[in-house]
Amino acid sequence: MEHSRRASSTPPAENRGDTLETHFSGLHGELLGTLYHLLGNMDDAHDALQETFIKCWRNREQLPEIENVRAWIFRIAVNTGRDMRMTAWRRKRQALGDQQQDVPSKEATPEHYAHRSEQMERLRIAVSELRDEEREVFLLRQNGDLTYEAIADALSIPLGTVKTRMRMALSHLREHLAPQESPRKNPL
């Protein structure tokens with residue numbers, strides 16, 4: 001009896017595809033941002049996003065058994081990004097600061113925009129200087145909006161390791177982004 005309930009709750013293949021497309025399109029921007037920070041340039045991020053969708057599509061029959069589809073998609077995206085970053089045939093990555101993706105705010109004056117642009121550049125540099133494993137946890141938490149438990153599941157690492165990596169990432173970012181003091185002049 002229980003087997004028949006489970007079988008009847010499994011959506012037909014075309015519905016699983018619709019469900020996957022709905023989830024994926026809702027995560028598009030967050031996935032692209034995460035992949036951009038993992039890979040260092042937008043072209044590779046778009047390639048990785050497309051490859052992520054293909055991998056998810058090929059495994060869509062697993063959807064009924066997956067408890068957290070968001071974490072599952074992000075796990076595939078991060079693994080795809082790792083694979084692309086490690087592949088020797090990929091072209092040399094561009095620095096994060098080479099591509100400006102900033103959108104000016106409504107109240108932007110030239111000074112405000114210059115200040116905001118400088119802050120974003122400092123943040124990009126700080127994120128790029130994180131160790132790979134710290135950057136992955138940070139991006140999954142910030143861009144992916146995943147819980148620590150979902151990150152641990154997505155990366156197949158212990159929860160304590162996720163928390164340690166996040167703490168280290170935040171510490172590094174605070175240190176790098178702290179207001180810079182001007183050097184003191186010698187009174188003599």
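Where is Ser156 found? Ser156 sits in the loop between α7 and α8. Helices (H or I, at least four residues) and strands (E, at least two) are DSSP runs, numbered from the N terminus. Ser156 has a positive phi of about 55° although it is not a glycine. Most residues other than glycine have a negative phi. Ser156 is exposed, with a relative accessible area of 61%. Exposed means over 50% relative accessible area, buried under 20%, and partly exposed in between (1.4 Å probe, protein chains only).

**Basis of the model**

This is a predicted model, in which local features need pLDDT of at least 70, side-chain atom pairs count only at pLDDT 80 or more, and totals for chains, interfaces and linings use all residues. Residues are numbered from 1 along each chain as its sequence is written, and side-chain values use heavy atoms, with hydrogens and water left out.

**The whole chain**

The protein chain has eight helices and zero strands. Its pattern along the sequence is α-α-α-α-α-α-α-α. Of its 188 residues, 34% count as buried. Contact means heavy atoms within 4.5 Å. Among contacts between residues at least 6 apart in sequence, 70% join residues at least 24 apart. The accessible surface of the protein chain comes to about 12,000 Å². Carbon and sulfur atoms hold 51% of that surface. These areas come from the Shrake-Rupley method with a 1.4 Å probe; for residues, only the protein chains shown count as cover.

**The core**

A nonpolar core is a set of buried Ala, Val, Leu, Ile, Met, Phe, Trp, Tyr and Cys residues joined through side-chain atoms within 4.5 Å. The largest one here has 42 residues. Leu31, Trp72, Ile73 and Phe138 have the most contacts inside it. Several helices each supply at least two residues of this core, including α2 (13–39), α4 (69–86) and α8 (159–177). Domain 1 (17–96) and domain 2 (112–179) both give residues to this core, so it lies between them. The domain bounds come from an automatic or database domain assignment.

Trp72 touches Leu20, Cys56, Asn59, Gln62, Leu63 and Ile66, not counting residues up to four places away in sequence. Ile73 is found in helix α4. Leaving aside neighbours within four places in sequence, Ile73 is in contact with Leu20, His23, Phe24, Leu27, Leu31, Thr52 and Cys56. The C-alpha atoms of Ile73 and Gly144 are separated by 10.0 Å, at 71 residues apart along the chain.

**Two sides of α8**

Helix α8 has 19 residues. It reaches 27 Å from its first C-alpha to its last, close to the 27 Å expected at 1.5 Å a residue. The expected span is 1.5 Å times one less than the number of residues. In α8, Val162, Met166, Ala169 and Leu173 are buried. They cover an arc of only 65° around the axis, which puts them on the same side of α8. The arc is that of the directions from the helix axis to the C-beta atoms. On the other side of α8, Arg167, Arg174 and Glu175 are exposed.

Glu134, in helix α6, is in contact with Arg165, Met168 and Ala169, leaving aside its neighbours within four places in sequence. Gly160 lies in α8. The C-alpha atoms of Gly160 and Glu149, 11 residues apart along the chain, are separated by 9.6 Å.

| Residue | Relative accessibility | Class |
|---|---|---|
| Ile73 | 0% | buried |
| Glu134 | 6% | buried |
| Gly160 | 42% | partly exposed |
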